[in-house]
Amino acid sequence: MDKFINRKRELKSLQDFWKNQNPQLVVIYGKRRVGKTELIKKFIEGKPDIYFLSDNLPESMNLKFLGRVVGEFFEDNFLIESGFKDWYQFFQYLKDNVKKRMVLAIDEFPYLAHANKAISSVFQKGWDEYLSDLPIFLILCGSSISMMESETLAYKAPLYGRRTGQLLIKPLSFSGASQFFPGKSMEDCLRFYTIAGGIPAYLKQLNTHLSPRKNIVNEILSPDKLLYNEVEFILKEELREPRNYFSILKAIAFGRNKFGEIVNETGIEKSSLHKYLFVLENLQLIEKEIPVTEKNPIRSRKGCYRLQDQFVKFWFSYVFPFKSELELGNTAPVLKKLKESFNILVAQTYEKVTQEILRAHGDDFFLFMRVGRWWDKNEEIDLVALNDETNEILFGEAKWSNKKVGTNIYRDLKRKASLVDWGKPDRKEYFCLFSRSDFTEEMRRVAKEERVFLFEKDKLKKC
């Protein structure tokens with residue numbers, strides 16, 4: 001599928017920067033395979049542009065290949081053959097030749113930093129002394145989020161203060177990912193999303209004409225497929241100590257969600273674990289979740305670490321435990337586990353997706369300041385949204401099963417809501433239920449009487 005999907009907001013931001021006639025330096029960053037390059041290519045359509053994809057090569061090689069790309073743009077055969085000797089020759093060449101508005105996009109900027117630790121200082125000087133007076137739209141793009149932040153965005157970074165804008169490209173939402181599967185039901189889209197999450201490169205690997213199960217067999221369980229070793233590849237590509245990071249992801253995937261539990265499972269020192277967890281959060285592979293009602297989230301001791309990347313979650317459930325068998329071509333154990341537990345994983349994904357569905361219907365409720373989950377001891381509520389200023393709070397429960405949701409679910413939700421210590425005594429409460437398979441007649445009647453909001457799959461029902 002070559003069609004450009006979603007990213008309307010990000011594309012509009014770039015177009016708005018383009019409309020500004022002043023020289024622009026825009027930083028685009030985000031995790032690997034999230035669609036940064038496709039966004040850039042869509043943006044430069046119809047514009048004079050030089051697009052250069054850096055590689056993990058010695059600096060001299062990147063400069064030579066850059067010279068070829070720049071030479072082709074300016075029809076300079078000598079430059080095509082010779083390349084650039086250093087970065088300042090490159091900047092000087094642009095200063096001498098750029099006369100009309102154009103885009104210069106340098107993709108995978110961190111590869112240049114690997115080869116030259118001072119590259120940010122080099123580009124700072126290049127911008128200040130050569131490019132900042134040119135009609136140029138410079139894009140620096142990279143997949144290493146931590147490096148892009150430290151080299152281009154941080155206060156102490158040489159390029160700090162030069163950029164005119166930055167875009168952090170995040171995985172697609174469920175509604176955005178669903179656009180990869182036109183004509184498919186919400187249920188099918190949810191199953192595909194449970195597998196691939198919101199990463200466009202993963203979504204493109206799935207065949208819309210085949211069932212989720214068939215896609216799993218064809219595109220994930222075979223050792224020669226891209227997605228089979230993807231998690232290990234990402235860690236090796238992004239991190240210096242992939243083994244430690246892998247052990248942390250594995251511990252979290254298998255239910256060790258508290259800091260102390262991760263320490264016990266991995267054997268990593270507490271002082272080091274903080275750093276590792278921060279890096280994994282920065283890579284958007286994990287997230288630290290706090291009950292949404294906590295008044296001081298930073299100091300809360302109720303935090304739990306969870307896998308944020310949906311495909312990583314799927315991979316640790318159905319690929320990693322069976323790798324020895326899959327290497328032999330035996331998919332039977334995985335298929336057995338899929339039959340037993342895939343719907344449970346889909347149900348967990350639906351719980352997360354309901355936050356997005358709720359936000360899409362925000363006009364039916366109140367202005368949400370925060371949306372998330374709540375838990376305390378053995379009690380848990382799937383969905384809580386609140387507004388501290390207006391003293392309004394919403395409680396929701398999601399059920400992805402073949403049974404209709406009845407009043408027992410609603411009554412239990414009300415019981416749990418009474419345990420939530422938040423807001424002033426006269427807080428205004430709202431209740432909503434999410435169901436895969438509709439609601440009982442009794443629940444519909446109660447919903448009408450007590451103004452409970454009912455969602456079937458992703459649609460708000462009229463009571």
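1. The expected span of a helix is 1.5 Å times one less than its number of residues. In this predicted model, helix α3 covers residues 59-74, 16 residues in total. From its first C-alpha to its last α3 reaches 22 Å, close to the expected 22 Å.

2. Which residues of α3 are buried? They are Asn 62, Leu 63, Leu 66, Gly 67, Val 70 and Gly 71. Around the axis they cover an arc of only 170 degrees, which puts them on the same side of α3. After α3 comes Glu 75, with a positive phi near 55 degrees.

3. On the α5 side the contact is made by Trp 87, Tyr 88, Phe 91, Gln 92, Leu 94 and Lys 95. On the α7 side it is made by Ile 119, Val 122, Phe 123, Lys 125, Gly 126, Glu 129, Tyr 130 and Leu 131.

4. Helix α20 (residues 407-417) has Tyr 410, Leu 413, Lys 416 and Ala 417 buried. These residues lie within an arc of only 125 degrees around the axis, which puts them on the same side of α20. Their cover includes the strands β8 (370-376), β9 (379-387), β10 (392-399) and β11 (428-435), together with helix α21 (441-450).

5. Most residues other than glycine have a negative phi. Gln 284 is not a glycine, yet its phi is positive, about 60 degrees. Gln 284 sits in the loop between α16 (270-282) and β6 (286-289). Is Gln 284 buried or exposed? Buried means under 20% relative accessible area, so Gln 284, at 10%, counts as buried.

6. Lys 457 is the other case: not a glycine, with a positive phi of about 60 degrees. The loop that holds Lys 457 runs between β12 (453-456) and β13 (459-460). With a relative accessible area of 21%, Lys 457 is partly exposed; the cut-off for buried is under 20%.

Methods:
Residues are numbered from 1 along each chain as its sequence is written. This is a predicted model: local features need pLDDT of at least 70, side-chain atom pairs count only at pLDDT 80 or more; totals for chains, interfaces and linings use all residues. Side-chain values use heavy atoms; hydrogens and water are left out. Helices (H or I, at least four residues) and strands (E, at least two) are DSSP runs, numbered from the N terminus. Buried means under 20% relative accessible area, exposed over 50%, partly exposed in between (1.4 Å probe, protein chains only). The arc is that of the directions from the helix axis to the C-beta atoms. Contact means heavy atoms within 4.5 Å.
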